[in-house]
Amino acid sequence: MEALGWLLFAYQVFVLYYFAVLNLLYTTFTFFGLNMVARYARELSELSLKDLLEREAYLPVSILVPTYNEEKTIAASVRSFLALRYPEFEVVVVADGPKDRTLEVLKEAFALVEVDWVYRRALPTKPVRAVYRSLAHPNLLVVDKENGGKADALNAGLNFARYPLFCAVDADSLLDPEALLRASHLFLEDGRVLAAGGTIRPLNGARVRGGVVEELHLPQGFLEKMQIIEYARAFFLGRAGWSAMDALLIISGAFGIFRREEALRVGGYRTDTVGEDMELVVRLHRKAREAGRDYRILYTPNPICYTEVPSDWATLRRQRNRWHRGLWEVLLAHRAMLFNPRYGRLGFVALPYFLFFEALGPVVEVLGYALLPLYAFMGLFNTAFAVLFLLLAVGYGILLSQLSVGVEALLLHRYPRLRDRLALLFLSLLEGLGYRQLLALERFFATFQVLRKRGEWGEMRRKGL
């Protein structure tokens with residue numbers, strides 16, 4: 001019994017140090033992230049959309065849209081892509097063996113006709129069954145192929161893409177009309193840039209007309225509101241901070257721009273992982289470091305992609321389970337980079353952070369909750385200390401959430417209504433009192449399902465907004 005008591009005490013000490021280091025890292029990300037976003041907001045006011053459109057130099061972009069069963073959203077999404085303000089681009093929709101009416105909806109909405117198309121099969125994929133061009137939109141190409149998963153569909157899109165840059169977007173997403181202009185100029189101004197990611201915002205609750213988001217409002221559902229806070233914190237503090245430190249490992253699969261030749265050079269997307277977006281970014285880092293190249297992989301705040309977030313608990317759980325399994329798959333695939341001086345701050349800061357605080361974080365958290373009854377039984381539970389610890393944890397979480405929401409509202413002028421911001425303040429209180437813990441439990445289960453569910457996506461239910 002005495003040995004058990006010492007073990008429980010040691011775990012308490014470990015959790016305290018773990019919490020202290022984690023929040024020190026959060027503070028660092030916040031400092032770098034807020035500084036980066038504030039600087040960008042100043043530059044954005046000086047660089048108008050008119051200036052970007054008037055520039056004669058640009059790089060053409062291929063927009064790759066992998067789609068499976070997306071009959072409810074695909075037509076609106078493709079219309080939004082075709083309405084983008086950009087001098088030269090193409091939209092390549094890859095129908096990955098859908099079982100619903102996705103392909104039929106595309107044929108009806110865009111007057112598709114089947115064509116013979118010669119292309120170079122630079123990356124291996126499942127067989128292509130047919131290729132369609134649009135009579136109404138010459139820059140729209142639709143590829144029908146056998147089902148092989150999202151990564152396989154993206155590789156097929158890379159085979160058909162003609163332009164030096166490609167933008168990978170989800171089929172349930174809408175892009176701001178100037179998103180490509182905002183992101184692609186980074187590649188033109190700096191030849192070292194291999195990839196750049198923008199900001200993902202929940203589409204739920206937005207007012208959309210003609211495939212363009214006109215105004216943001218809070219959605220009705222509780223889960224959807226909570227995800228607005230999560231996304232703001234993840235992008236404006238997390239990814240902005242990592243980008244400012246030149247150690248960005250994630251560019252969201254919902255919206256990212258890459259140099260096509262660089263993606264082909266490293267072998268395209270891996271098809272044996274559900275974290276194909278993060279894996280490609282880590283592999284680009286790894287190959288560039290190993291070759292001794294001077295390169296950059298960036299996050300930029302203003303190119304906005306709106307995506308429909310889960311509105312029911314079952315779909316949200318499946319999504320977070322998949323995300324966490326994908327993180328583990330990437331860490332296992334690139335474990336040789338951990339604490340390897342060859343990879344600099346990636347090997348000593350970024351990957352260790354994702355291993356110890358993102359991948360293993362739910363295990364530490366859930367185990368702490370599970371041990372509380374045992375602490376109480378053995379008389380090791382200090383109520384006053386536990387309450388203080390909880391208040392500090394929740395309070396710091398609220399502070400981070402409000403900083404990120406404030407960045408959106410004040411610097412980037414989103415969610416301008418006071419009642420929306422007050423609602424988000426109230427919801428950030430609830431996030432640390434149940435919502436976070438339930439998602440931590442799902443990620444805890446995902447940690448022990450990595451090998452058993454390798455490559456398994458799960459059904460993502462959509463409302464079709």
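Which side chain makes a polar contact with the side chain of glutamine 449? I looked this up before turning to the rest of the chain.

**Entry 1. Basis.** I note that this is a predicted model, in which local features need pLDDT of at least 70, side-chain atom pairs count only at pLDDT 80 or more, and totals for chains, interfaces and linings use all residues. Residues are numbered from 1 along each chain as its sequence is written, and side-chain values use heavy atoms, with hydrogens and water left out.

**Entry 2. Glutamine 449.** I found that its side chain makes the polar contact with the side chain of asparagine 321, at 2.8 Å. A polar contact is a pair of N or O atoms within 3.5 Å; within protein, one must be able to donate a hydrogen and the other to accept it, and residues adjacent in sequence count only if both atoms are side-chain atoms. Glutamine 449 lies in the segment after H14; helices (H or I, at least four residues) and strands (E, at least two) are DSSP runs, numbered from the N terminus. I record glutamine 449 as buried because its relative accessibility is 13%. Buried means under 20% relative accessible area, exposed over 50%, and partly exposed in between (1.4 Å probe, protein chains only). Neighbours within four places in sequence aside, glutamine 449 is in contact (heavy atoms within 4.5 Å) with Asn321, Arg325 and Arg454.

**Entry 3. Leucine 429.** I located leucine 429 in helix H14. Leucine 429 counts as partly exposed because its relative accessibility is 37%.

**Entry 4. Strand S6.** I examined residues 165–169, which form S6; 5 of the 5 are buried, so the strand is largely enclosed by the rest of the structure. Leu165, Cys167 and Val169 lie on one side, Phe166 and Ala168 on the other, and both faces are covered. Two strands pair if DSSP finds at least two bridges between them. S1 (residues 61–67) runs parallel to S6, joined by 4 bridges, with valine 61 opposite leucine 165. S11 (residues 255–259) pairs with S6 in the antiparallel sense over 5 bridges, and here cysteine 167 stands opposite isoleucine 257.

**Entry 5. Helix H6.** I then checked residues 179–189, where 9 of the 11 residues are buried, so H6 is also largely enclosed by the rest of the structure. Among the buried residues of H6 are Arg182, His185 and Phe187.

**Entry 6. Whole chain.** I counted 14 helices and 12 strands. Of the 465 residues, 54% are buried. Among contacts between residues at least 6 apart in sequence, 81% join residues at least 24 apart.
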